[in-house]
Amino acid sequence: MYLIIFISIVSGTFCVYNERALILNSYLSEKFEKNSDRTCPSCKQDCDLLRTTISTLPNLEEAMLGRQEKMQFNTTHYLLQTPIVEPFPKHLEVSIVAMGCFWGVEKLFWKEKGVISTAVGYVAGFTPNPNYEEAYTGQTGHAEAVKIVFDPRVTSFRKILKLFWENHDPTQGMRQGEDFGTQYRSMILAMTPEQREEAIMSRNLFQKELYKLGMGTITTQITPAFEFYYAEDYHQQYLAKRPGGYCGIAGTGAYLPKSFE
Ligand SMILES: *[C@@H]1O[C@H](CO)[C@@H](O)[C@H](O)[C@H]1NC(C)=O
């Protein structure tokens, strides 16, 4: 989510921390809180630990506790002026995807014809009602995700899948571009058996296209839907409120075959 690369190991024993690394480190060790210049000359081991930690999902016991209170936020889409919470009109369809920094993902979909509303949130972790600071550490198990409400008479789940596969790199595991950590993993949360089937079919087709480009194996998880925890108000439609905001999602240059559409 942030432009800063979260860790850079300058030499074998030297570590530079950014904001997220500092937050996470306050859970791992005390020494960084005393180190306000964000560098640590003898922290190679901690850097390695940090890198492993943010690439590993916590289990139920390790995950942050969270809270019972639901997030408070404006339920009207900032740009489209439509509701971003259920109940949606019966003729609309919902899908949920995770493909990196949710600001950019949300914008990708709200621009699409036939998309009625979008929202950002946290899915597939253990922590109930997480906040951004918690999700940002990776210790809630959640992925940054976008809920897309669309009109199947105008667009289709296949079109959503096409945008999904062609606009991020689904081979990166616990990372998307310079955004490192489990919260940036790639996921499709199937809301119906039909969505699941189409998601799997599209993955198999897209994998062939990636192999043609010499790229690796898709790490995207296709799972049943999890509870969607809405993110804070200021994250909703973030790039409409702050058009200059940074969010790095980019495709691989592979495309689904025309026959899929
Ligand atoms: C909620 O958002 C809508 C759309 O941007 C806006 O018109 C409305 O004033 C907002 N409501 C509150 C309580 O902030």
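**Chat about a predicted model**

Tutor: Quick start, and bear in mind this is a predicted model: by class, the shell around the ligand has three polar residues, one nonpolar and no charged ones.

Student: Which residues are around the ligand?

Tutor: Asn 74, Thr 76, Tyr 78 and Gln 81.

Student: What's the phi of Gln 81 like, positive or negative?

Tutor: Positive, near 60°, and Gln 81 isn't a glycine. For context, most residues other than glycine have a negative phi.

Student: Where does Gln 81 sit in the chain?

Tutor: In the loop between α2 and β4. Pro 87 lies in that loop between α2 (44-54) and β4 too.

Student: OK, and the peptide bond joining Glu 86 and Pro 87, cis or trans?

Tutor: Cis, with omega at about 0°. Most peptide bonds are trans.

Student: Switching to the sheet. How many strands, and in what order?

Tutor: Six, in an open sheet that goes β10-β9-β4-β6-β5-β11, with mixed pairing.

Student: Which strands stand at the edges?

Tutor: β10 (221-224) and β11 (229-230). Each has a single partner strand, so one side of each has no neighbour in the sheet.

Student: And how do β4 and β6 run, parallel or antiparallel?

Tutor: Antiparallel: β4 (residues 93-99) and β6 (residues 143-150) are joined by five bridges. As an example, Val 94 has Val 149 in β6 as its bridge partner.

Student: What lies across β4, β6 and β9?

Tutor: Helix α5 (residues 157-166), which runs at about 10° to β4; β9 is 186-190.

Student: How do α5 and α6 cross?

Tutor: Their axes come within 10 Å and cross at roughly 40°, α6 being residues 193-212. That angle therefore makes α5 and α6 oblique to each other.

Student: Is that crossing left-handed or right-handed?

Tutor: The α5 and α6 crossing is right-handed.

Student: Which residues make the contact?

Tutor: From α5 you have Phe 157, Arg 158, Leu 161 and Trp 165. From α6 you have Gln 195, Glu 198, Ala 199, Ser 202 and Phe 206.

Student: What's the contact of α5 with α6 like by class?

Tutor: Five nonpolar, two polar and two charged residues.

Note on methods. Residues numbered from 1 in each chain as written. Predicted model: local features only at pLDDT ≥ 70, side-chain atom pairs only at ≥ 80, totals over all residues. Near = placed C-beta within 6 Å. Nonpolar A, V, L, I, M, F, W, Y, C, P; charged D, E, K, R; others polar. Pairing = 2+ DSSP bridges. Helix = DSSP H or I, 4+ residues; strand = E, 2+ residues; numbered from the N terminus. Contact = placed C-beta atoms within 7 Å. Axes fitted to C-alpha atoms, helices over the stretch in contact; angles between N-to-C directions. Parallel < 35°, antiparallel > 145°, perpendicular 65-115°, else oblique. Left-handed = near helix turned anticlockwise from the far one by under 90°.
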